[in-house]
Amino acid sequence: MKYNEITHFSHPVHRLQFLYTEVPFKCDGCKEVGIGSCYKCSTCDYDLHLHCAIPSPSISHPFYTKCQFQFLPRPPGPVARYCNACEKDVTGFVYHCHSCGFDLHPCCAKLPTMLDDGEVKLYLYRKVSAACHRCGRKGRSWSYRSTCKKYNLHVACVKEMLVDTWHEICDGASGSNCRRGLGTNRIPSLRGTLQNYHKKRKGKAKKCCEIAGLALQFVISAVLGDPTTLIAGVVGSLMSK
């Protein structure tokens with residue numbers, strides 16, 4: 001359910017307004033990247049993913065049938081924790097299973113189990129036997145794989161592609177052009193980043209250049225927290241620039 005305006009425990013000073021942005025942002029709840037629908041305090045430049053702004057107190061997940069995940073505002077305990085979906089560090093909001101010790105970023109916990117771009121259907125798997133088209137490795141994090149088995153991408157690799165491109169543009173930009181580690185104007189060309197990546201690595205890693213553009217757009221938009229046709233189209237236009 002979406003509300004035009006909400007109050008949130010993490011930012012009690014001001015109310016947060018629902019808006020749609022085509023500019024990437026860093027969520028102040030889970031500390032992960034986002035785009036599309038969010039809740040924002042423009043006064044403080046405070047942003048939350050939809051899933052972080054209106055979390056479920058507890059959730060279950062088909063990949064962990066014996067687990068009950070509780071929403072927590074911060075990782076439990078003094079030991080560093082990582083997300084079992086994308087294998088990235090957990091530094092903010094998290095869904096945690098006290099019994100098994102598993103952790104999921106809010107957006108990872110809500111990743112759609114199926115993405116359909118009209119031509120290619122991609123299904124979310126906990127593990128796949130095929131190699132990822134970006135890193136060339138098997139296993140690792142959750143993956144999106146097409147029914148034809150032609151396209152396979154780790155959720156972790158999608159995040160790495162995004163982080164790599166934003167780091168590249170920020171390293172070459174002045175502070176005014178870089179917002180909390182993210183490019184303010186647009187997402188740099190992912191295609192260019194992949195080509196640069198493949199100059200250093202050969203073999204299976206090159207296969208990710210073969211991934212259908214629209215399928216990749218849907219995976220990226222899902223990982224960013226807004227798996228909609230609209231935002232997938234936006235991601236596609238940004239990728240082409």
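This is a predicted model: local features need pLDDT of at least 70, side-chain atom pairs count only at pLDDT 80 or more; totals for chains, interfaces and linings use all residues.
A nonpolar core is a set of buried Ala, Val, Leu, Ile, Met, Phe, Trp, Tyr and Cys residues joined through side-chain atoms within 4.5 Å; buried means under 20% relative accessible area, exposed over 50%, and partly exposed in between, with a 1.4 Å probe and protein chains only. In soluble globular proteins, nonpolar side chains tend to be buried together.

Val155 is in contact (heavy atoms within 4.5 Å) with Ala85, Cys86, Leu111, Leu124, Ser141, Trp142, Ser143, Tyr144 and Val223, leaving aside its neighbours within four places in sequence.

An open sheet is formed by four strands in the order E5-E6-E9-E10, with antiparallel pairing. Strands E5 (58–61) and E10 (103–104) stand at the edges with a single partner strand each, so one side of each has no neighbour in the sheet. Strands (E, at least two residues) are DSSP runs numbered from the N terminus, and two of them pair if DSSP finds at least two bridges between them.

Ile59 stands opposite Phe69 in E6. Ile59 and His61 make up the covered face of E5, whereas Ser58 and Ser60 make up its uncovered face.

Residues are numbered from 1 along each chain as its sequence is written, and side-chain values use heavy atoms, without hydrogens and water. Local features need pLDDT of at least 70 and side-chain atom pairs count only at pLDDT 80 or more, while totals for chains, interfaces and linings use all residues.
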